[in-house]
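Please look at the sequence and the model first, then read on.

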Amino acid sequence: MAARRALKAVLVDLNGTLHIEDAAVPGAQEALKRLRATSVKVRFVTNTTKESKQDLLERLKKLEFDISEDEIFTSLTAARNLVEQKQVRPMLLVDDRALPDFSGVQTGDPNAVVIGLAPEHFHYQLLNQAFRLLLDGAPLIAIHKARYYKRKDGLALGPGPFVTALEYATDSKAIVVGKPEKTFFLEALRDTGCAPEEAVMIGDDCRDDVGGAQNTGMLGILVKTGKYRTADEEKINPPPYLTCESFPHAVDHILQHLL
């Protein structure tokens, strides 16, 4: 791992770390203010595919988080960038609320499959349609492959199991664009001008947030909110740089030990 440098950027996961659906993690707004009072650049990185960036921003504003649109980097943005780069016409297996992030993208006569979290669309007919496109050679673009996520009523299946089913059925490999992919973290840091060795990532997903960030050269802080389950920190090697109770505790540590 490259030598650590002075901390210049903090990447923060959203759902499960700052909030769980429509409820903020206790003390998170105050902690974010304390972090912003320092010289570090703060970016918000999320694999959420359930809503457009605009809807996400509205939700965060209602929860009284001081966040601007250009500080949020989502896996939907990364997926759209890839679709444009590859010049393909995707079949969009995403939640209807995420569609605004693909406005202007040609989807008629699809020759690619883009899959995110889309509970309403995960039924036999549509998955079979995707399966046939993939058999004909269409690329499979997975917005991310999370196994599960946290809802108010408990844990729920993420898109990962459905992506894996399509990979298995077609003997193909998805191109994954969200966390834990290295390119995702590097893209999120790009406009900060900071190297991974100058950044720390805070999240509730041991593999996707912390493992992915640490593989990119950042420090990873795992919080025990959201989807965290006992002993998650033992699931990755190297283990998280730090495991703590919640986002405010992570900010306390950064202010006391990393600045």
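In which loop is Asp109 found? Asp109 sits in the loop between β6 (90-93) and β7. The model is a predicted one, and the values below are computed from it.

**Two residues with positive phi**

Asp109 is not a glycine, yet its phi is positive, at about 45 degrees. Asp171 is likewise not a glycine and has a positive phi of about 55 degrees. The loop that holds Asp171 runs between α5 (160-170) and β11. Asp109 counts as exposed because its relative accessible area, 61%, is over 50%. Asp171 is also exposed, with a relative accessible area of 75%.

**The chain as a whole**

The protein chain contains eight helices and 14 strands. Along the principal axes, its C-alpha atoms fill a box of roughly 55 × 40 × 35 Å. A compact globule of 259 residues would have a radius of gyration near 18 Å, and the chain has 18 Å, so the two agree. Of the 259 residues, 56% count as buried. Among contacts with a separation of 6 or more, 65% are between residues 24 or more positions apart. The accessible surface comes to about 12000 Å², and carbon and sulfur atoms account for 49% of it.

**Empty space in the model**

Rolling a probe the size of a water molecule over the atoms shows where empty space is left. The structure holds three cavities of 30 Å³ or more.

| Space | Volume | Lining residues by type |
|---|---|---|
| Largest pocket | about 220 Å³ | seven nonpolar, three polar, two charged |
| Largest cavity | about 280 Å³ | five nonpolar, eight polar, nine charged |
| Second largest cavity | about 130 Å³ | three nonpolar, no polar, nine charged |

The largest cavity has a volume of about 280 Å³. It is lined by 22 residues, and those closest to its centre are Asn15, Asn47, Thr48, His144 and Tyr149. Both β9 (148-151) and α7 (206-216) supply at least two residues of this lining. The most comes from β9, with three residues.

The lining of the second largest cavity includes Lys145, Arg147, Tyr148, Asp204, Asp205, Lys227, Asp232 and Lys235. Cys206, Arg207 and Asp208 also belong to this lining. The largest share, three residues, comes from α7.

Helix α7 is itself mostly covered, with nine of its 11 residues buried. Among them are Cys206, Asp208, Asp209, Val210 and Gln214. The buried residues of α7 pack against α6, β12 (199-203) and β13 (219-223).

The largest pocket is lined by residues that include Phe73, Ala78, Leu82, Ile175, Val177, Thr183, Phe184 and Glu187. Three elements, α3 (75-86), β11 (175-176) and α6 (182-190), each give at least two residues to the lining. The largest share, four residues, comes from α3.

Thr46 belongs to strand β4 (residues 41-46). Is Thr46 buried or exposed? Thr46 is buried, because its relative accessible area of 3% is under 20%. Leaving out residues up to four places away in sequence, Thr46 touches Asp13, Leu14, Leu56, Ile72, Phe73, Thr74, Ser75, Lys179 and Phe184. Of these contacts, Phe73 and Phe184 also line the largest pocket.

His121 is placed in the loop between β7 (112-115) and α4 (124-135). With a relative accessible area of 19%, His121 is under the 20% cut-off and therefore counts as buried. Beyond its neighbours within four places in sequence, His121 is in contact with Leu93, Val94, Asp96 and Leu126. His121 and Asp96 are 25 residues apart in sequence, and their C-alpha atoms are 9.3 Å apart in space.

**Cis peptide bonds**

Which residues does a cis peptide bond with an omega of about 10 degrees join? That bond joins Lys179 and Pro180. Pro180 lies in the loop between β11 and α6, and Lys179 is one of the residues that Thr46 touches. Pro238 is in the loop between β13 and β14 (242-244).

Technical notes:
Residues are numbered from 1 along each chain as its sequence is written. This is a predicted model: local features need pLDDT of at least 70, side-chain atom pairs count only at pLDDT 80 or more; totals for chains, interfaces and linings use all residues. Side-chain values use heavy atoms; hydrogens and water are left out. On a 1 Å grid over the protein atoms alone, a cavity is a set of points where a 1.4 Å probe fits but cannot get out, and a pocket is an open set with protein on both sides within 12 Å along at least five of seven lines; lining residues have an atom within 4 Å of a point. Grid points are joined across faces, edges and corners, and a volume is the space filled by probe spheres set on the points. Ala, Val, Leu, Ile, Met, Phe, Trp, Tyr, Cys and Pro count as nonpolar, Asp, Glu, Lys and Arg as charged, and the others, Gly among them, as polar. Buried means under 20% relative accessible area, exposed over 50%, partly exposed in between (1.4 Å probe, protein chains only). Contact means heavy atoms within 4.5 Å. The radius of gyration is taken over C-alpha atoms; the globule rule is 2.2 Å times the number of residues to the power 0.38. Accessible areas come from the Shrake-Rupley method with a 1.4 Å probe; for residues, only the protein chains shown count as cover.
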